[in-house]
Every structure is written in structure tokens, then in C-alpha cells.
Amino acid sequence: MQTIKTDILIFGGGIAGLWLLNRLRAAGYSVLLLEQERLGGHETLNANGIIHGGLKFGLSAMLRDIEALDDMPALWRACLAGTGDLDLSRVKVLSEHQYIWSEASLAARATTFFASRFMKGHVEAVEGEERPQPFRNEAFGGPVYRLSDLVIDMPSLIQSLLSEHKRCIYKVSTQNCHIETDDRHNTSAVFITAAGMEPIRIHPTSVILAGGQGNAALLEDLGLSEPAMERREVHMVMLKRAGLPSLYAHCLGASRNPRITITAHPTRDGECVWYLGGDLADEGAGRDERLQIEKAQRELKELLPWLDLRGARYKTLKISRILPAGDRGLLRPDNAFVQGIGNNILTWPCKLTLAPNLGRQVLDHLEKEGIKPVYEQPTDALPLLFPEIGQPIWETLFT
Ligand SMILES: Cc1cc2nc3c(=O)[nH]c(=O)nc-3n(C[C@H](O)[C@H](O)[C@H](O)COP(=O)(O)OP(=O)(O)OC[C@H]3O[C@@H](n4cnc5c(N)ncnc54)[C@H](O)[C@@H]3O)c2cc1C
């Protein structure tokens, strides 16, 4: 049996696992990352890619929520400039800003609401050519606001996060992986066995559970059912049409959430897909695909009536957002979830936006526990495959 000692073993190759892999390698730890399916995760590659500053919420949002995420866009911008926690200078930014417009009946309230935010430099009203193309139409009479939130291209983020660390990442199916624990839920060893290969035993100092929805099964392997997670189902809508304008915007409705959120994603065939979320997706969780598409069409007709969407093709995606259960799940999380359990660290980023916060919390935890880099990064590759890299759902659904 081949035996390997490593400072850190990470389960999961979504944003949580890949971000931590980069942060921990940079801090000098030896790290191995195991992914059971495809790199890029389940939620991560299907995210809108918005780095929220907290201002997307509706007019009834509580100010406390709005303040909470204020730091995140600045931390990401530093990474994108190559001067932050990580060097993300090769990541493609889809939009430097997210825009807000409102239903006509709420325009006056929106103006008053945003007036109070101007002083802080979070949001500004934009006119004429500064507006995204769909709001330059004469038929649109309301105000448009620009947020400092940026939108990033998820495939390029994933590529960037794994580019330097391909020799630390391996594909291991759950059937071939056995976690050995002691009676205090510490992971003493992880065994990887498969037909035709010499078994591998990994002795990690610390284990990071970064499996998103897969963390429930990993916790079970440790003999735990807590902390529980919450799955919040959403029903996203995609529409594809030649010549679709680029748009990154939220329409404010009367509720806490945007009535609709639109992000535009260039596809590999040179076209563009609009990915629709917000209340449309939250409230549509119980609708079937046909009803959800009809609802999206009605919303677009009412909110952007001058746009020509004839011939657009529509698809939907039902997907769960994973959050820690309990009070934290009910409120909008303003911090990533990080909890030490023996020598394991359970993580849920709660939002892509919170990846920098996740990285900082995990490093703080290791420091607090006195866990320092000890082992060399193995130089010889393990006899395991590198996982396939995933792609956003819209790349496959429209073919
Ligand atoms: C539709 C949608 C839109 C979103 N939009 C945004 C947004 O615009 N901005 C924002 O900030 N947040 C957004 N989010 C939230 C954000 O995407 C998630 O919080 C984040 O991507 C979760 O990352 P993760 O790494 O924890 O999980 P995932 O991306 O799901 O990755 C988990 C990975 O772990 C692997 N895994 C699981 N179990 C095991 C195991 N036992 N062994 C090995 N590997 C394992 C899985 O195969 C998977 O690859 C959105 C979420 C959804 C669903």
C-alpha cells in the first residue's frame, strides 16, 4: 500500500475547494484535492457569477443585509488585479457593473431609496450612453442605477484556480474512497482503492469538507448528522437567441429579492445566453418547465416590453442552493460557514462572493489550532486520473 502524508486533504472541486487549494498552497501547506465528478462543482459553474456588494435586494430589504457584503467586491477586484489574496488576473470579467431598474410603479420609491446610498459610492444613476443598450430605448422612461458589483466568467475562474495545481488534484469516486475516523470524529486516514491499482492510504493533518451538497454524505462518513444543511431549490431560466444584447441587471420589485435578475453569458458557439434568476427562480421552484418558461416570457414582456425576443429558445434548470440549516439559512448569510470538527473543517461558502471570506476564515482556524505546514508537497503523481473540467449547463442544453 502506498502511504502519503499531507498537511491538508480537501474533498470537493467547486469554488470552495479550489479557492482553499490556492490559498493553502500559497501559505506553504501541502494539499491534495479529491473530486468525485467534474471540477467546477455543481453550483459553482451554474452560478450567475455576480460578486454581490449586498445591494441587489429589493426595496424592503433590511439595511443590515445591505451593509454585510460591502467588502467583497473590493477583495475580488484586488484578486482580479493580481494584488489580492489570490492572483486572478487571467479571469475574464463579464461586466464591471450590475445595473438596477424597477417596475414602473416603484420608480419613485427606488429613487428615494437610492438617494440615501449615493453618498457611500455604492450606486449611481446613469443616463444616455452610460446605460446598457436595452435601457437606451425611447420606450423606457424610468431611472437606471449602476452598482459596483462585478460579474465574472465562471469557466475562466475555474481554469485560473486549477492552472497551477493540476498535480494536487485527483478524481476519486465515493465508492473507491473510505474515510477512517476515531471515536472523536477525527479523520485518521483516507483509503483509496480501485481494481487494478495499488491501494493508497492518505494521512492528512487536517481534512476540509468542501463538497457542497456532498458534505452531508461526508459528514455521515465521519459518523455525524450535524451541522445540517438546507437545500433551497431554485428554477433558473435560460434563453438563447442570436444578437441578444449583453445585460447584467436586477429589476427591483416590492419584495426583498429582485423580481428578476439577468446575466448574459457568451457561449462557445459565439452566441449568448441570458440566465434568469431572482424571484422568478425562487418562486418558480414548484413550477414545471413549461409553466416556468411561460412565466419568464410574461415577466420579460412586462418588464422589457420593447425588446425583440422573437425566436428565442428557452430552457430551465432546477438546482439547489446549499446553505447551513437553521437561523443562518433563514437569514441572508454574510459570512461563509466554517466549523472545525476534530481535525476536519466543514465549509459552505453560501455564496461564490464569499470565497475570500472562506479562505481567510480557514487560514485563521488553522492558525488558531496551531496547524503549521509540515509535509512536502508530493512530487510524484498518484496513480489516479485528473478529473474532467465541467461546463455551465447552457453549453450543453441548447445543442
Ligand atoms: C443558480 C445559482 C446561481 C448562483 N449565483 C450566484 C451568484 O451570482 N453569486 C454568488 O455569490 N453566488 C451564487 N450562487 C451560490 C454559489 O454558486 C455557491 O454558494 C457556490 O458555488 C458553492 O460552491 P461549493 O464549492 O460549496 O459547491 P459546488 O460548486 O457544488 O462544488 C462542490 C463539489 O464537491 C464535489 N464533491 C461532493 N462530494 C464529494 C466527495 N465526497 N468527494 C469528492 N468530491 C465531492 C462535487 O462533485 C462538486 O464538484 C448561485 C447558486 C446557484 C445554484
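**Helix H1 and its surroundings**

Guide: H1 passes helix H10 in a right-handed crossing; helices (H or I, at least four residues) and strands (E, at least two) are DSSP runs, numbered from the N terminus. A crossing is left-handed if the near helix is turned anticlockwise from the far one by less than a right angle, and right-handed if clockwise. The model is predicted: local features need pLDDT of at least 70, side-chain atom pairs count only at pLDDT 80 or more, and totals for chains, interfaces and linings use all residues. Residues are numbered from 1 along each chain as its sequence is written.

Visitor: At what angle do the axes of H1 and H10 cross?

Guide: Axes are lines fitted to C-alpha atoms, for helices over the stretch in contact, and angles run from 0 to 180 degrees between N-to-C directions. The axes of H1 and H10 (residues 355–368) come within 9 Å, and their crossing angle is roughly 55°.

Visitor: Which residues of H1 and H10 make the contact?

Guide: Two residues are in contact if their C-beta atoms, placed from the backbone, lie within 7 Å. From H10 come Ala-355, Leu-358, Gly-359, Val-362 and Leu-363, and from H1 come Ile-15, Ala-16, Trp-19, Leu-20 and Arg-23.

Visitor: Is the crossing of H1 and H5 left-handed or right-handed?

Guide: H1 packs with helix H5 (residues 154–163) at about 35°, the axes being 9 Å apart. The crossing of H1 and H5 is left-handed.

Visitor: Which residues of the shell around the ligand come nearest?

Guide: A residue is near a molecule or strand if its C-beta atom, placed from the backbone, lies within 6 Å of it. The ligand has 38 residues around it, and those that come nearest are Gly-14, Gly-41, Gly-211, Gly-212 and Gly-214.

Visitor: Which element gives the largest share of the shell around the ligand?

Guide: At least two residues each are supplied by H1 (15–26), strand E2 (31–35), strand E13 (229–240) and strand E17 (313–324). The largest share, 3 residues, comes from H1.

Visitor: Which residues does a cis peptide bond join?

Guide: Most residues other than glycine have a negative phi, and most peptide bonds are trans. The cis bond has an omega of about -5° and joins Glu-226 and Pro-227.
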